[in-house]
Amino acid sequence: MVHQPDGAVRFLDAGDAALIVEFGDEIKHSTLRRVSAMNAQISGCIERGELPGLIETVPTFRSLALVLDPLITSPAEMADKLRGLDEQAAQNQNLGRHWLMPVHYGGSDGPDLEPFAAIAGLSVDQVIHRHQSVRYSVYMLGFQPGFGFMGDVDESIRQPRRREPRTRVPAGSVAVANQLTAIYPWESPGGWHLIGRCPIPLFNPQQDPPALFRAGDTVKFRGIDPSECDELDQRCTTDSFDMKELQIPGKLANQADTHATD
Amino acid sequence: MLRIESAGLLSLIQDKGRPGLRHLGIPASGALVPAWMRVANALVGNKADTPIIECHEGGLQLSIRDQAIIVAVAGDATASSTSANGASRSLKPWQSHVIGPGSTFTISSSGRFRLAVLAIAGFSPTMQLGSASTYLRASLGGIDGRELQAGDELSVVPAENMEAGWCCPPLLPNEGDDSPRATDVISIAAVPGPQQDAFLEQTLQDFFSEEYTLTREADRMGARLLGPTLIHKSAAARDIVSDAIVPGSVQVPGNGQPIVLLADAHTAGGYPKIATVLTCDLERLAIYRTGQRFRFQQVDVLSAVTLTRQHNKRVERHCSVLTKAGDATIDPSLLMQQNLIGGVVDAKA
């Protein structure tokens, strides 16, 4: 495989039915682009039937896991085929969708917003503004179905996870921790700072695909007031909300956005 | 139509799972013991990947309404049926049986294993995202996304040829060795990595030589083991940037006790993984009971693939040499329904 200057790719063992292609050990956009590019390339190969036995790829912050059927192929065989891929080839593909997600910040929907702002030495409005100012990249999905890890949060509002995680984070909670932000699709325990709530369901098994986000998408947040939040709640419950309303065409997304860069 | 009278501790519809969705945070789920699913299905004449019911412990009871069914149980289960007239008979595992209408069928215990697999001829549950497998965390598959409950009705497409009485030897991980000592310490083959570098060299040696015992915390997500502490190279090495997890991943959190992830595990995590258990050996962590001692056996990737393929061949062979049981069990109530003597004339007419 042709190496990128940003660090050599490593192949790591993961048993008889998987192979890890590791690009680095940090969370950063340049690595995300490399993971996305290789993922797009391999996905194309799978669709064309060029990699028999490769079941799926799983992009993470800094690696691409290949899940394979050991009865048909093997990690060694898969690694050999990958060595022939050119990392450069898929670099310019941008298959991600661009989302604009409504958030009701603060109040009972964002119980950590005030203390979070206080620690940051900022007003609540400043925190909200800075959270909304970035077009985040979805690095990967994991932890829960449909849970997208997004980054990078403005440096002025980066804080480590809560010392004491909550046993119960409500579904729809918009949260931040370190350089990442996310929306919890499900109620669960969680240690991130809850700053708001998004009324849009991120996971619906009746849909194909069942998760709204995927790695490589971008997300921006826009603050809404309680009445709009209620209205969206209603529309989502009665299934009269089309997710496409949340999508922004690529051109618009790229205009005048503050991109988080490394 | 079958009705669940009691679901026991936990009974879940499973099949070969829903691969292809890990990139959305959805694990493949699926039967914890695919070999048993394949054999039980073969015994009742189903295709290998027909959904089955994974019975955790015992207590599953179902009633048969209008049409007879054929069932087979894989495992060490104690099962029985009671016909409409109250007659009971015990039903051996590793053998298919006809159960007549009006009867109830019960798996009272999974025996020396934590679970048993029940196959029903023509079982046709609803699919969701391509699979009937139950994934409770996201309410996928199963019955409305959940485990079986009393009152549930299962849809069965009745088989044309109601032929039962097929049987086979038990298919157990320790092939050919049924002696009690054989299960003192069960071997689990694993490949070092992906984060074997996070651990001291001595720790790797310990992992592959010491005994680890199954704790109570073992379920479809993973099995926590207790044994000599595994030591990370540094405090920093105790966490990694979240990386992909696959079934078989052996995570080692800060407390140094390994967790082997299974079918329902999260798809990514931040603990270093010292090794990955072979797919064919995962069933060992699903069936043996709390207190079972294990020893990890180091193999390289090439051997791992060979072992998994050999295991597959073994299961294939097992499914292809079914024999007719000598004492093929016949359900008396079914017999009563058959008009065995034709052309009887009413003497008084």
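B:Phe207 and B:Tyr212 are both buried. This is a predicted model.

B:Trp36 is buried, at a relative accessible area of 1%. B:Trp94 is buried too, at 5%. The rings of B:Phe207 and B:Tyr212 also pair, in a tilted arrangement. Their centres are 6.2 Å apart, with 45° between the planes.

## Aromatic contacts overall

Over all chains, the structure holds 19 aromatic pairs. One of them joins B:Trp36 and B:Trp94 edge-to-face. That pair spans 5.9 Å centre to centre, and the planes stand at 85°. B:Trp36 belongs to helix α1 of chain B, while B:Trp94 sits in the loop between β7 and β8 (96-99) of chain B. The pair therefore ties together parts that are 58 residues apart in sequence.

Chain A has a cluster of rings. Ring pairs link A:Phe61, A:Tyr139, A:Phe143, A:Phe147, A:Phe149, A:Tyr184 and A:Trp192. Back in chain B, a lysine meets a ring: B:Lys324 lies over the face of B:Trp166. The distance to the ring centre is 4.9 Å.

## Helix α1 of chain B

Helix α1 of chain B covers residues 34-44. Eight of its eleven residues are buried, so the helix is largely enclosed by the rest of the structure. The buried residues are B:Ala35, B:Trp36, B:Met37, B:Val39, B:Ala40, B:Asn41, B:Leu43 and B:Val44. B:Trp36, then, is both one of the buried residues of α1(B) and a partner in the edge-to-face pair with B:Trp94.

B:Gly45 follows α1(B). Its phi is positive, near 85°.

## The six-stranded sheet of chain B

Chain B has an open sheet of six strands. The order is β7-β6-β9-β4-β1-β11, with antiparallel pairing. Strands β7 (88-91) and β11 (153-154) of chain B stand at the edges. Each has a single partner strand, so one side of each is left without a neighbour in the sheet.

Strands of a sheet pair through backbone hydrogen bonds, either parallel or antiparallel. In chain B, β4 (residues 60-64) and β9 (residues 104-109) pair in the antiparallel sense. Four bridges join these two strands. At one position, B:Ser63 has B:Thr104 of β9(B) as its bridge partner.

Conventions:
Residues numbered from 1 in each chain as written. Chains lettered and ligands numbered in written order. Predicted model: local features only at pLDDT ≥ 70, side-chain atom pairs only at ≥ 80, totals over all residues. Heavy atoms only, no water. Buried < 20%, exposed > 50% of the residue type's maximum accessible area, 1.4 Å probe, protein only. Pairing = 2+ DSSP bridges. Phe/Tyr/Trp six-rings, centres within 6.5 Å; stacked < 30°, edge-to-face > 60°. Lys NZ or Arg CZ within 6 Å of the ring centre and 35° of its normal.
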